Amino acid sequence: MDAPKEITYAGGPLRGHLRLTGSKSIANRALLIRALTPGGFEINGLAAADDTVRMQKLLESEDEVLDCGPAGTTYRFLTGYLCRRRGIQLLTGSQRMKERPIGILVDALRTLGADIEYAEKEGYPPLRIGYSALDKSDRVSIAADTSSQYISSLLMLAPTLPTGLKLTLEGEIVSLPYIRMTLAMMEHFGVHHHWEGQTIVINPQTYDSRPFTVEADWSAASYYYSLAALAEEADLRIDGLFEDSLQGDAVVSKLYEDFGVTTTYTPEGIHIKKPAGTPPPPLFEHDFVECPDIAQTLMATCAGLGVQGLYSGLQTLFIKETDRVKAMKAELGKLGVSLYKIPPRMAGKTGIQYFAQEGKADFAAATPTFSTYHDHRMAMALAPLALLHPVRIEHPEVVEKSYPDFWGDLAGLGIR
Ligand SMILES: O=C(O)C1=C[C@@H](OP(=O)(O)O)[C@@H](O)[C@H](O)C1
Ligand SMILES: C=C(OP(=O)(O)O)C(=O)O
């Protein structure tokens with residue numbers, strides 16, 4: 001095992017200016033839509049993120065085995081796409097990918113006529129996918145409470161199907177902004193849809209070839225908001241982020257207002273500031289069902305500042321790159337901060353599952369070494385704590401999944 005990375009900060013106000021990496025969610029949609037667009041189009045701002053690089057390579061590959069590694073969107077988007085590509089391919093991924101469910105998407109595709117088999121365990125990757133016209137039905141219902149990526153996969157394919165698709169979303173909808181992102185990008189390429197209650201209707205249409213630029217990544221921006229909140233004083237300019245965004249994680253700018261971090265939008269991007277002497281709030285409460293990827297960031301901020309946390313909407317975190325609540329509980333536990341499920345009887349009759357967080361990070365024992373569980377967001381969410389005390393991060397290379405320049409960008413701010 002490689003040595004963990006130790007990161008420290010000399011102290012003082014946090015100042016800097018950087019250009020953020022591109023959004024992998026937007027990039028992977030643009031790449032998939034391009035593969036379905038006659039004549040293709042130019043995409044600007046594609047990041048070197050591993051998930052994006054894999055998507056690009058696998059779309060071009062004619063190999064019999066396609067390995068998505070840990071990339072969820074790549075895996076789910078290709079599951080739909082490959083159903084209509086000639087030949088038989090085995091779609092596989094990392095060990096963790098084989099534990100992330102795919103049955104809901106496979107069942108929906110089979111209703112449309114797909115030729116898909118489980119190559120190992122029923123309900124999980126890898127999949128053996130053959131060609132099908134997907135003309136058995138143009139109507140399908142799908143459980144929306146597990147992953148929006150299944151829905152995005154079907155939506156992007158929908159206009160290319162013989163009679164389009166009527167997709168009914170059942171149950172609670174998780175990660176809704178990502179479904180909106182998919183539909184908005186389809187609109188950009190001239191494909192229209194309409195809602196009939198809980199059903200999204202997409203008629204057969206052709207994607208128009210138009211140049212496209214990938215926005216910078218608001219999920220990645222969350223780590224800078226956390227840094228600003230943890231700093232005594234902060235003044236950061238981040239280029240490439242805009243108020244009018246396709247990304248639901250842009251809500252992070254609002255969430256950090258509670259911590260005294262303000263955002264000004266400039267023609268180049270954002271300017272975030274925290275004045276010296278801003279006291280932290282006593283409590284931070286949020287429902288993360290629309291922005292699951294920034295939950296770890298806020299947990300780490302609250303731990304660093306000793307802010308009590310009350311979180312809901314975390315029910316999908318256990319099937320991400322790792323079981324994220326379990327992993328955060330273990331790592332924050334190293335600092336004496338507790339994270340626990342509130343017993344349902346105490347949460348009342350709402351049926352909502354709440355988690356509470358209590359305690360302020362205590363660095364008295366020793367420099368903590370954080371494990372990262374093959375999860376880029378564990379590394380990036382915990383790194384800002386280095387503003388308070390040196391920390392060590394195991395397997396720092398995990399950040400390559402979405403943000404390969406993360407450590408270099410932190411170094412540019414004096415966090416080395
Ligand atoms: O569609 C997307 O780009 C994503 C959707 C979300 O997943 P779920 O829909 O599985 O929550 C999110 O967590 C993931 O990082 C990216
Ligand atoms: C959950 C994530 O990614 P994916 O599901 O695409 O692997 C993430 O990036 O936080």
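Ligand 2 lies between domain 1 (5-21 + 215-412) and domain 2 (24-202), because both domains give residues to the shell around it. These bounds come from an automatic or database domain assignment. The shell of ligand 2 consists of Ala71, Gly72, Thr73, Asp293, Lys320, Glu321, Arg377 and Ser402, where a residue counts as near a molecule or strand if its C-beta atom, placed from the backbone, lies within 6 Å of it. By class, 1 of these residues is nonpolar, 3 are polar and 4 are charged; Ala, Val, Leu, Ile, Met, Phe, Trp, Tyr, Cys and Pro count as nonpolar, Asp, Glu, Lys and Arg as charged, and the others, Gly among them, as polar.

The model is predicted; local features need pLDDT of at least 70, side-chain atom pairs count only at pLDDT 80 or more, and totals for chains, interfaces and linings use all residues. Residues are numbered from 1 along each chain as its sequence is written, while chains are lettered from A and ligands numbered from 1 in the order in which they are written. The mean pLDDT of the chain (the predictor's confidence in each residue, from 0 to 100) is 97, and 100% of its residues reach 70 or more. For the complex, the predictor gives an ipTM of 0.99 and a pTM of 0.98.

Around ligand 1 stand Ser25, Thr73, Ser147, Ser148, Gln149, Ser152, Val174, Ser175, Tyr178, Pro292, Asp293 and Thr316. This shell divides into 3 nonpolar, 8 polar and 1 charged residues. Its largest share, 3 residues, is supplied by helix H5 (residues 148-157); helices (H or I, at least four residues) and strands (E, at least two) are DSSP runs, numbered from the N terminus.

Ser175, a member of the shell around ligand 1, is found in the loop between strand E9 (165-170) and helix H6 (176-188). Its phi is near 55 degrees, a positive value in a residue other than glycine. Most residues other than glycine have a negative phi, and most peptide bonds are trans. A cis peptide bond, with omega near 0 degrees, leads from proline 125 to proline 126, and proline 126 is placed in the loop between strand E6 (116-118) and strand E7 (127-129).

The two domains also meet directly: 18 residues of domain 1 are in contact with 22 residues of domain 2, contact meaning that the C-beta atoms, placed from the backbone, lie within 7 Å. The side of domain 1 that touches domain 2 has 6 nonpolar, 6 polar and 6 charged residues. The C-alpha centres of the two domains are 29 Å apart.

Turning to the strands, E1, E21 and E20 form an open sheet of 3 strands in the order E1-E21-E20, with mixed pairing; two strands pair if DSSP finds at least two bridges between them. Strand E1 (5-7) and strand E20 (369-370) are the edge strands, each pairing on one side only. E1 runs antiparallel to strand E21 (residues 391-393), and 3 bridges join them. Within this pair, isoleucine 7 stands opposite valine 391. Elsewhere, 4 bridges join the antiparallel strands E14 (residues 262-265) and E15 (residues 269-274), which are linked as a hairpin through 3 residues.
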